[in-house]
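Q: I would like to learn how to read pockets and helix packing in a model of this kind. Could we go through them one after the other?

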Amino acid sequence: MPKPFLTYEQQIDKLKNDKNLIINDRNYAEEKLKQIGYFKLIGGYKHLFKNKTTKRYKDGICFEDIVNLYCFDETLRELTLRYLMKAEQQLKSMISYYFCEKYGDMQSAYLTKSNYNYTTIQNKHDVDKLVKILESYANKKTDYHYINHAKDKHNNLPLWVLINALTFGNVSKMYWVLSQNIQIGISKNYTFLNEKQLGQVTKVLAKFRNVCAHGERLFSYKTVDSIPNLLIHEKLNIPQKGSQYIYGKNDLFAVVISLRYMLPCDLFTEYKRELSKLINSYIKISTIPVEEFLNEMGFPINWSDISKYRKL
């Protein structure tokens with residue numbers, strides 16, 4: 001049976017009477033439900049506050065606890081997106097530089113399929129899709145003034161202009177189909193990642209970037225893909241299940257590790273400092289046990305030691 005429509009008053013009554021959630025201020029609760037929505041707020045952030053057996057909220061949990069977790073996650077998204085975009089921009093710069101160094105800056109270069117790794121059936125499929133996207137920018141009017149200007153003035157859209165309009169997902173897929181020598185050239189700018197590891201890392205970061213940009217729940221998000229095992233995992237003594245580390249592979253801590261490798265030291269230090277402050281501030285007001293909360297994010301207890309170690 002589909003769930004029936006409920007008014008804000010009925011939503012609050014359901015949370016209070018049926019779900020054991022404390023409502024200290026009905027006006028406050030209604031205002032938050034109007035601003036955020038029941039599904040986004042309650043559906044998205046209730047799980048750590050509920051009794052797994054009864055499916056009701058644990059005794060003493062109030063509406064404000066859920067709102068506080070939502071607000072933490074909102075700030076976490078804004079913070080992480082800011083630094084993901086810095087890593088994204090550097091990768092875009094590196095791809096356009098090394099591609100143009102080898103093939104020149106005429107748009108025909110990146111529209112020529114043989115200039116990519118076109119050797120496998122999967123790569124052919126991926127290159128075909130990529131070139132179709134690039135053609136849409138090169139041959140059609142766009143909403144980007146700088147792209148239209150380049151085409152109108154020079155009758156050519158070089159990759160170093162076009163790449164700024166591509167999504168992180170597009171750029172990650174483009175990296176994977178570049179020739180190996182270009183990948184190697186790019187990866188040399190990330191001292192402790194080889195060309196394959198860099199591809200794996202960017203694939204995961206692109207998905208987290210989308211989560212941040214689209215306002216999805218971030219703190220507990222996990223991807224199907226994983227970043228490679230890196231020396232940081234070992235140095236932090238992260239426990240393993242079989243041959244796999246249980247933290248820092250496809251979770252938010254994997255993003256932190258990846259940014260440790262992809263960002264300049266000063267930028268990563270900024271990110272880690274702000275992240276530590278945010279997490280510690282939330283822990284002070286949270287009713288969730290610290291270890292449970294960090295575990296949900298994929299963070300080991302000693303996560304903040306990440307900057308104590310060299311990356312290799």
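Predicted model: local features only at pLDDT ≥ 70, side-chain atom pairs only at ≥ 80, totals over all residues.

Q: What is the volume of the second largest pocket, and which residues lie nearest its centre?

A: The space in the second largest pocket comes to about 350 Å³, and of its 14 lining residues those nearest the centre are Lys3, Leu6, Lys14, Tyr38 and Lys46. Two or more lining residues come from each of helix H1 (8-18) and helix H3 (38-45), with H3 giving the most, four residues.

Q: How should I read the largest pocket, and which residues are the closest to its centre?

A: The largest pocket has a volume of about 470 Å³, and 19 residues line it, the closest to its centre being Asp126, Gly169, Lys173, Trp176 and Lys203. Helix H6 (121-139), helix H9 (168-177) and helix H11 (195-213) are the elements that give two or more residues to this lining, which by class holds five nonpolar, eight polar and six charged residues.

Q: How do I describe the packing of two helices?

A: Two packed helices are described by the angle and the distance between their axes. Here, the axes of helix H4 (residues 63-103) and helix H14 (residues 265-285) come within 11 Å and cross at roughly 175°; because an angle over 145 degrees counts as roughly antiparallel, H4 is roughly antiparallel to H14. The contact includes Phe72 and Tyr83 of H4 and Tyr271 and Leu278 of H14, and its residues divide into twelve nonpolar, three polar and four charged.

Definitions and conventions:
Residues numbered from 1 in each chain as written. Heavy atoms only, no water. Axes fitted to C-alpha atoms, helices over the stretch in contact; angles between N-to-C directions. Parallel < 35°, antiparallel > 145°, perpendicular 65-115°, else oblique. Contact = heavy atoms within 4.5 Å. Nonpolar A, V, L, I, M, F, W, Y, C, P; charged D, E, K, R; others polar. 1 Å grid on protein atoms, 1.4 Å probe; cavity = no way out; pocket = protein on both sides within 12 Å on 5 of 7 lines; lining within 4 Å. Points joined across faces, edges and corners; volume = space filled by probe spheres on them.
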